[in-house]
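Good morning, and thank you for coming. Please look first at the sequence and the model.

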Amino acid sequence: MRYSQKGMATEENKKTPTNSGSQEGFVYLPLIAGWLVPGGGHFLLRKWGRGALLAASILGMFVLGLAMQGKVYAGAHDILDILGLAGDLGNGLPYVISRMLGLGDVQVQVTTADYGTRFIVVAGLLNIIAAVDAHNLRTGRKS
Amino acid sequence: MGNPILQPSHFAAVVLFALFASTVFGITMRETPRNMFRYGIYCFVLFVAAAIALSWLMYFIAR
């Protein structure tokens, strides 16, 4: 053989890491918990430090976005609104609570409010990354 | 509609954004705490440096 097959998609390398016990139960629970509550997936897996940092970062970004009078997308009228709504939905329960309290139901009129709108969308996208990370921890793909 | 509670400058907004985003990137993209910290710092510096470099670029383009 003229080259190494290390790291390639050969049968030997396709074997998933054996982590006995990690596949028991509902494997998508940390993913769903992490989506609904920022850092919740990591808390569920007893990764307290990581969960606290993720929760502080994501909730901090969301709250700062609201404090800057950022807009929380309620519906979609064009393609940019659809993308914004998809990002906002990534926040999980904070999005639902802010909608129920009528927070972020504003017209963007100042530059600061535009920053705030982006902060809220990015907080949602970061929360999705964090929830997927919790799922990877649960399945043993990451330690 | 009243004024926003928080009105950061453009640079302060960039720094806050970089801080939160790099924290999440560091935790989710690396496995050991040491590597998480290093990657978080790396992302933070890149975010802020890119914002400063692009700002100067736009300043010269606008003139």
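Which residues have the most contacts inside the largest nonpolar core? In this predicted model, they are Ile58(A), Met61(A), Phe119(A), Ala123(A) and Val24(B), within a core of 32 residues. Both chains take part: α2 (29-36), α4 (48-67) and α7 (111-139) of chain A, together with α1 (10-29) of chain B, each give at least two residues to this core. The largest share comes from α7(A), with 12 residues. As general background, nonpolar side chains in soluble globular proteins tend to be buried together.

Let us take Phe119(A) as an example. Apart from its neighbours within four places in sequence, Phe119(A) is in contact with Met61(A), Leu64(A), Gly65(A), Met68(A) and Gly70(A), and also with Phe17(B).

I turn now to chain A as a whole. Its secondary structure consists of 7 helices and 0 strands. Of its 143 residues, 41% count as buried. If we consider contacts in chain A between residues at least 6 apart in sequence, 72% of them join residues at least 24 apart.

A word on confidence is in order. Chain A has a mean pLDDT of 87, and 84% of its residues reach 70 or more. Residues 16-21 of chain A, however, have a pLDDT below 50, and this stretch makes 2 contacts in the model beyond near neighbours in sequence.

How many residues of chain A are in contact with chain B? The count is 24 residues of chain A, facing 15 residues of chain B. On the chain A side, the elements that give two or more residues are α4 and α7. By class, that side has 16 nonpolar, 5 polar and 3 charged residues.

Of the 63 residues of chain B, 21% count as buried.

Within chain B, helix α2 covers residues 33-62. At 1.5 Å a residue, its 30 residues should span 44 Å, and the end C-alpha atoms are 43 Å apart, so the two values agree. This helix, α2(B), is hardly covered, with 1 buried residue among its 30.

Finally, I should like to visit some loop residues of chain A. Most residues other than glycine have a negative phi. Arg46(A), in the loop between α3 (40-44) and α4 of chain A, has a positive phi, near 60°. Gln69(A), in the loop between α4 and α5 of chain A, also has a positive phi, of about 60°.

Are these two residues buried or exposed? Arg46(A) counts as exposed because it has 7 C-beta neighbours inside 10 Å. Gln69(A), by contrast, is buried, with 26 other C-beta atoms within 10 Å.

The loop between α4 and α5 (79-89) of chain A also holds Ala74(A). Ala74(A) is exposed, since 11 other C-beta atoms lie within 10 Å. Between Ala74(A) and Leu89(A) there are 9.7 Å in space, C-alpha to C-alpha, and the two are 15 residues apart in sequence.

Methods: Residues numbered from 1 in each chain as written. Chains lettered and ligands numbered in written order. Predicted model: local features only at pLDDT ≥ 70, side-chain atom pairs only at ≥ 80, totals over all residues. Core = buried A, V, L, I, M, F, W, Y, C linked by C-beta atoms within 7 Å. Buried ≥ 20, exposed ≤ 12 C-beta atoms within 10 Å, placed from the backbone. Helix = DSSP H or I, 4+ residues; strand = E, 2+ residues; numbered from the N terminus. Contact = placed C-beta atoms within 7 Å. Expected span 1.5 Å × (residues − 1). pLDDT = per-residue confidence, 0-100. Nonpolar A, V, L, I, M, F, W, Y, C, P; charged D, E, K, R; others polar.
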